[in-house]
Amino acid sequence: CEFASCSTQTHGLRFDRDYVRMPASSAFDFGTRPFTIELWMLADGTQPGFLPVLVSGRVLADSEWIGWWVGLHNNPGSGPLGVVFVGNGNGLVLSGSGRDLRDATWHHVAVTHQDGDITVVVDGSIAANLLLPESFDAPGPIEIGGDPEFGRGYDFAGSIFDVRIWN
């Protein structure tokens, strides 16, 4: 469907302080190769967490988070709810979409990595772009809708549909 007409979708997994976990797989160890993570999301008007997780592939190792995650920025006073991509390496890198996505509309979110560039795309428009020439591996499980190791502050409230992770 076209972005403007997707608000009538009624399918997808509904999340309310729960999550889906897939076992760890080397298929999600992208290294420095190109990859895309995409999904459809419908956010509730109120998000329970500070940085709600849409999809993640990361693990805590030697007191450092290793991997990647795509989530929402929900920090009161820091602008609207927007998409963020966080990668490992030299700390956390946040890239916000600058749009409030709690509008009762399905949104397509994609994050691509190509030649060291991370691009966040929301509803077909580039929302953010940053240079991030590092390796992205997912040594832990892939989790959708939340992340129990992060804690309840990272739960997503809403629906997620058609998650795709590819290279």
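**Notebook: aromatic cluster, sheet and core**

I looked up the aromatic residues and found that Phe30, Phe35 and Trp68 form one cluster. This is a predicted model, where local features need pLDDT of at least 70, side-chain atom pairs count only at pLDDT 80 or more, and totals for chains, interfaces and linings use all residues. Residues are numbered from 1 along each chain as its sequence is written, and side-chain values use heavy atoms, with hydrogens and water left out.

**Aromatic pairs**

Rings of Phe, Tyr and Trp (its six-membered ring) pair if their centres lie within 6.5 Å; planes under 30 degrees apart count as stacked, over 60 as edge-to-face and the rest as tilted. By this rule I count 2 aromatic pairs. Phe30 and Phe35 make a stacked pair, with 4.3 Å centre to centre and 15° between the planes. I checked burial next (buried is under 20% relative accessible area, exposed over 50%, partly exposed in between, with a 1.4 Å probe and protein chains only). Both Phe30 and Phe35 are buried.

**Open sheet**

I took strands as DSSP runs (E, at least two residues), numbered from the N terminus, and called two strands paired if DSSP finds at least two bridges between them. The open sheet has 6 strands in the order S1-S11-S3-S7-S8-S9, with antiparallel pairing. S1 (13-16) and S9 (125-131) are at the edges with a single partner strand each, so one side of each has no neighbour in the sheet. Within this sheet I looked at S3 (residues 35-43) and S11 (residues 157-166), which are antiparallel over 7 bridges. Thr36 has Trp166 in S11 as its bridge partner.

**Strands S4, S5 and S10**

S4 (residues 53-61) pairs antiparallel with S5 (residues 64-73) over 8 bridges. S4 also pairs antiparallel with S10 (residues 142-144), over 3 bridges. I followed Val55: it stands opposite Val70 in S5 and opposite Ile144 in S10. I then turned to Ile66, which is in S5. Ile66 has 28% relative accessibility and therefore counts as partly exposed. Ile66 and Ser135 are 69 residues apart in sequence, and their C-alpha atoms are 9.9 Å apart.

**Nonpolar core**

I used the core rule (buried Ala, Val, Leu, Ile, Met, Phe, Trp, Tyr and Cys residues joined through side-chain atoms within 4.5 Å). The largest core has 30 residues, and Met41, Val55, Trp68 and Phe85 have the most contacts inside it. S3, S4, S5, S7 (107-114), S8 (117-122), S9, S10 and S11 each supply at least two of its residues. S3 gives the largest share of this core, 5 residues.

Notes. Helices (H or I, at least four residues) and strands (E, at least two) are DSSP runs, numbered from the N terminus.
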